[in-house]
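Colleague: I'm new to this one, could you walk me through it? I'll just ask things as they come up.

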Amino acid sequence: MTTPDCYACGKEAELNELPPRERVAQDRHWRVAHALNSALPGWLVLLPRRHVVAVHDLTDAEASALGAWQVRLSRALRSVTGCTKTYVVQFAEAEGFAHVHFHIVPRTADLLPEHRGPGVFGLLRRPEQEWVTAEQADRMAHALRSRLGGHPDAL
């Protein structure tokens, strides 16, 4: 089930037409996208494929797959970006973005101290000229896919 006024559900409805950055990988429960308006290459968003607004509403199957996805994406990000760790964060409070989603964020060794921990969200508020371009996000998606099995739904 999807909800028309939900950004994530709108993308799900267009699944087969999505560019690589919006469909890095998927299975029957989850879809991975590169974050919008991010100044950090590799900032991923893990979204349930049905409309869910609270973690406690995930099915057992969705919950079971969630942990595996978080670890697999963290490993792929380490391999592709060289990050020292990943942050995994979930709020789902912004208008139009109440759909549960998890930020999987590469924390590189050279990340400035003010952008570490919760400060990393400052990289979503940078000027547009600092954002990862669509082309860069698509290249990142392809690199991550190769680490995750080669095709968005091969998982």
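Colleague: Which residue stands opposite arginine 31 of E2?

Modeller: Glutamine 26 does. This is a predicted model, where local features need pLDDT of at least 70 and side-chain atom pairs count only at pLDDT 80 or more, while totals for chains, interfaces and linings use all residues. Residues are numbered from 1 along each chain as its sequence is written, and side-chain values use heavy atoms, with hydrogens and water left out.

Colleague: Thanks! And how do E1 and E2 pair?

Modeller: In the antiparallel sense, over 2 bridges, and a hairpin of 3 residues links them. Strands here are DSSP runs of at least two residues (E), helices are runs of at least four (H or I), and both are numbered from the N terminus. Two strands count as paired if DSSP finds at least two bridges between them.

Colleague: What is the bridge partner of arginine 31 in E3?

Modeller: Leucine 47. E2 and E3 run antiparallel too, joined by 5 bridges.

Colleague: Is E2 buried or exposed?

Modeller: Buried: that goes for 5 of the 5 residues of E2, so the strand is largely enclosed by the rest of the structure. Buried means under 20% relative accessible area, exposed means over 50%, and partly exposed is in between (1.4 Å probe, protein chains only).

Colleague: Which way do the residues of E2 point?

Modeller: Trp30, Val32 and His34 point one way, and Arg31 and Ala33 the other. In a regular strand the side chains alternate between the two faces of the sheet.

Colleague: What's the strand order in the sheet?

Modeller: The 5 strands form an open sheet in the order E1-E2-E3-E5-E4, with antiparallel pairing. E1 and E4 (85–89) stand at the edges with a single partner strand each, so one side of each has no neighbour in the sheet.

Colleague: How many bridges link E4 and E5?

Modeller: There are 5, and the pairing is antiparallel, with E5 covering residues 102–107. Threonine 86 stands opposite proline 106 of E5.

Colleague: Switching to helices: what does glutamine 70 touch?

Modeller: Glutamine 70 lies in helix H2 and touches Leu46, Val88, Phe102 and Ile104, leaving aside residues up to four places away in sequence. Contact means heavy atoms within 4.5 Å. Glutamine 70 is buried, at 17% relative accessible area.

Colleague: And H3, which of its residues are buried?

Modeller: Ala137, Asp138, Met140, Ala141, Leu144, Arg145 and Leu148. They cover an arc of only 160 degrees around the axis, which puts them on the same side of H3; the arc is that of the directions from the helix axis to the C-beta atoms. On the other side, Glu135, Arg139, Ser146 and Arg147 are exposed.

Colleague: What do the buried ones pack against?

Modeller: Strands E1 (25–26), E2 (30–34) and E3 (44–48), plus helix H2 (60–81). Just after H3, glycine 149 takes a positive phi of about 130 degrees.

Colleague: Last topic, the whole chain. How many helices and strands does the chain have?

Modeller: It comes to 3 helices and 5 strands, running α-β-β-β-α-β-β-α from the N terminus on. The radius of gyration of the chain is 15 Å, close to the 15 Å that the globule rule gives for 155 residues, so the chain is as compact as a globular protein of that length. That radius is taken over C-alpha atoms, and the rule is 2.2 Å times the number of residues to the power 0.38.

Colleague: What share of the chain counts as buried?

Modeller: 47% of the 155 residues.
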